[in-house]
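Subject: Handover of a structure and its findings

Dear colleague,

Please find the structure that I am handing over to you below.

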Amino acid sequence: MKDSVRKYYLASITDKFVRGQMGRRDFLRAAGKLGLGAGALGMGFGNRPFSMFSNALAAEELTPNPEILAWLKDVGKPFAGTTLKLATESTPPSNAINGQLKKYFEEATGIKVEIEVLPLEQVLQKLTLDVASNLGTYDLYYIDQSWAASFSQDVFDPREQYSAKADLAMPNYNLDDFLPALVDGIAKYQDRWVGVPYDIPIFIMIYRKDIYEKLKLKVPETLEELYTNSKIITDEMGPNVYGTSGQMKSGHYSLECDWTAWLWGHGGSVFGPDGKFTGNDEKGIAALEYWTKLKATMPPGVDGWTWDGQGQSVAQGVAASMLSWGEFFPYFDDPTQTKVSGLCEVAVPPRASSLRTVKETGYGEIPGVGHQGGSSLAVSKYSKNPDAAWIFMQWATCADTQALITTLGGGTGPTRASVYDDPRVLANARVGAGTTRHLPIVRETIAKHMGSEPDLPEWAQLSSDTIPVSLGKYFAGSYGSPKEALDDIAAQVGEVLKG
Amino acid sequence: MHQSKSMRTFRTIAGWLVVAVFFFPIFFWTSVAFRNAKDIFSWPPKFFAFEPTTRNFEQVFGISLGFGFGTQETVNPGGGNFYMAPRLWDSIVVASMSTVLAIVVATLAAYCLSRMQFRGRHEFVNWVLSTRMMPPVAVAIPMFFIFKQFNLLDTYLGMILVHGLMNLPLAVLLLKSFFDDIPAEIDESALLDGASRWTIFRRIVLPMAKGGIAASAVLCFIFSWTEFLFALTLTQTGIKTVPVVSSTFVTSIGTAWGNMAALGAAAIVPAFIVILLVQRHLVRGLTMGSLKQ
């Protein structure tokens, strides 16, 4: 039996067992045929109180590569006793490392890793304080793509670290394995790498296959089709089910994320090549007009939701589709948490009506309907233990660890090309919690449809305050027209850029 | 006073309504802690007709009903890391010790301000009050640098000091008003009988002000228990209080409302116990001053 087939079969029987669809005796018999024998006795028992597939598989399959552990043991010896600190958003990779994987690193190297998990805005606050004080409170920085410009001079370029410290370089780390689009969109500012791509939430099309089939709709390939489908669903099934959903909370970064997707999708951009705001040109106005009519097909209250509310609206069956973060999909497939397990499917984002090139935009903005919200991981220049931090960073972002993160961390999208083809990742491509069955679409979206926000030091303020506050006011009816709202945003952005 | 039956019924109904208004958020929050995500957001809302689960508590406190106690590594499948039991302990230590610190210092200071005559006494009281007028965020960042310099960052001592100092002005002013309500003639009589200031304070004034001290202590405890800004800025991974870790349930793929509710529901318990312990004195303390001589 092929290894991948064996793993798939193991996944399948474990899944049935933990859901109670298979008796313990049958499970052990089937596991025995796979050569697991007595090892399977531990599955679903002992100190694993929660019945989730990924954890059951972890007992037998999901442990780090012994060669990497041997390298860690060797290279980490001089740094034993060191403590490393990282402040990060609560993302699947950080949670998987913190909760389940860092113990392997700590055991092998003797280096202690303390990971502080915080909401995104609090991470920014902590990093800003650390950089302003040069105190080196944190050894590693979790850098959201919208902060890359702000922190570009405060971290080491990993390419330089890799070549300058040959004795600390992980064999086969392979910087070229990181998806080039992500390096450009997340980890690069001008000529520097601001860390390496660490995670990649990206907008994909998630829709209810059962509803689409019932109403004989086809998966939207254009933005206009998305609107038409959404309107038909809302007209036919509202107010119980609405066509689509949004993350449109006034003043929140999520609102800006939605805006850029529609803006780019209509051929617009935030900035022009001269660095001036162009979101208020005719393309920008068309985008806002489109968004306004699309909002009418969304559930009431959508303008109070961030991605949390948007995700819940699909999870609870209130909305039939969303163009949003692919990271939600494995959660939707969890039958214990949502009402739509197995009912959702994924597709690449609807095609843009026209798309500007990077040269036609400013500050490295990359137009694309698949808005990405990735982050990078980097070693702080102020760290007191930069070498130990560099070892950790290589381990945390190497292909083997990413494969473990993807399977243990609930189907999050990898940032390395090779991980998408890893048998451990492929084995999880089935309906159920932590599925990876959406990852081929994520990969295609990254390659062909990805949109990245501009890189400029003021972007954190513009994207989290100036733009979403005014857009929120527009949807609350404070402006007379889309043009008036966008012209006001243009004036405010101009003021911010002037300093 | 005689009341008609209808008036008594009306008062009873009104009383229960007021209780319901205050109790409902606690009831709903606690019930969320026992729900799966799909039951939290069900529409129309389910108040009782849901399948109860202890999963949220199991994840937050590492307690599995079927499998005993877990650890941080073993209770978090799927990457979630919501094991918060040690953080509840952190909050208890910080809130209790900072309350003790604030009350000890404030009692002595308030007694002096109430009884001793010295130059600038009124200005001193105003100055104490003025420290509460400054927005905490203005102090938080300088505090971060000072704490880093003195290795107080991310330590119990640091958090106890900062919460103790934060509550001090309030406790001083409250206790001063309680001491002011105790007739100064009692002190004077004791002085004539040969008692020292310390003896008067310890043997006479303190027992009489027990209610006021209890009320001040409860307020200090609750302020420390719910304080967010300093706790966020001055801690990292070593210690964390409940309000700060509550925000970590907000993740990149949504908010873990069930887990957040489980921690929130559990966090009510210690504060409730403190109030119960001092309840007898608290009622006296809160009504003290309402009957002046």
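Predicted model: local features only at pLDDT ≥ 70, side-chain atom pairs only at ≥ 80, totals over all residues.

Residues are numbered from 1 along each chain as its sequence is written, and chains are lettered from A and ligands numbered from 1 in the order in which they are written.

The sheet in chain A

Chain A contains an open sheet of five strands in the order S2-S1-S3-S11-S6, with mixed pairing. Helices (H or I, at least four residues) and strands (E, at least two) are DSSP runs, numbered from the N terminus, and two strands pair if DSSP finds at least two bridges between them. The edges are formed by strand S2 (112-118) and strand S6 (196-199) of chain A, each of which pairs on one side only. From one strand to the next the twist averages 30°; axes are lines fitted to C-alpha atoms, for helices over the stretch in contact, and angles run from 0 to 180 degrees between N-to-C directions.

Helix H5 (residues 92-109) of chain A packs on this sheet and touches S1, S2 and S6 of chain A, and its direction makes about 170° with that of S2(A). Contact here requires that the C-beta atoms of two residues, placed from the backbone, lie within 7 Å. Helix H6 (residues 120-133) of chain A lies across S1, S2 and S3 of chain A, at about 135° to S1(A).

Strand S3 and its partners

In general, strands of a sheet pair through backbone hydrogen bonds, either parallel or antiparallel. Strand S3 (residues 140-144) of chain A runs parallel to strand S1 (residues 83-89) of chain A and is joined to S1(A) by two bridges. S3(A) runs antiparallel to strand S11 (residues 375-379) of chain A, with five bridges between them. Tyr141(A) stands opposite Ala87(A) and also opposite Ala378(A) in S11(A), while Leu140(A) is the bridge partner of Leu86(A).

Five of the five residues of S3(A) are buried, where buried means that 20 or more other C-beta atoms lie within 10 Å of a residue's own, exposed means 12 or fewer, and partly exposed is in between, with C-beta atoms placed from the backbone. Leu140(A), Tyr142(A) and Asp144(A) point one way from the strand, and Tyr141(A) and Ile143(A) point the other way.

The nonpolar cores

A nonpolar core is a set of buried Ala, Val, Leu, Ile, Met, Phe, Trp, Tyr and Cys residues joined through C-beta atoms within 7 Å. The largest has 133 residues, of which Leu140(A), Ile206(A) and Phe392(A) touch the most other members. This core lies between domain 2 (66-200 + 373-426) and domain 3 (203-371 + 460-498) of chain A, because both give residues to it; domain bounds come from an automatic or database domain assignment. Beyond four places in sequence, the contacts of Leu140(A) include Leu84(A), Leu377(A), Ala389(A) and Phe392(A).

Helix H16 (residues 386-397) of chain A has eleven of its twelve residues buried, so H16(A) is largely enclosed by the rest of the structure. Among the buried residues are Trp390(A), Phe392(A), Met393(A) and Trp395(A).

Chain B

The domain assignment gives chain B domain 1 (5-78) and domain 2 (85-287). Their centres, taken over C-alpha atoms, are separated by 30 Å. At their boundary, 14 residues of domain 1 of chain B are in contact with ten residues of domain 2 of chain B.

Leu168(B) belongs to helix H7 (residues 156-180) of chain B. Leu168(B) is buried, with 21 other C-beta atoms within 10 Å, and touches Ala102(B), Val105(B) and Ala106(B), not counting residues up to four places away in sequence.

Local backbone features

Gly238(A) and Pro239(A) are joined by a cis peptide bond, with omega about 5°. Pro239(A) is in the loop between helix H11 (223-237) and helix H12 (253-265) of chain A.

Gln190(A), although not a glycine, has a positive phi of about 55°. Gln190(A) is exposed, with 10 other C-beta atoms within 10 Å. Lys216(A), also not a glycine, has a positive phi of about 55° and counts as exposed, with 7 C-beta neighbours inside 10 Å.

Yours sincerely
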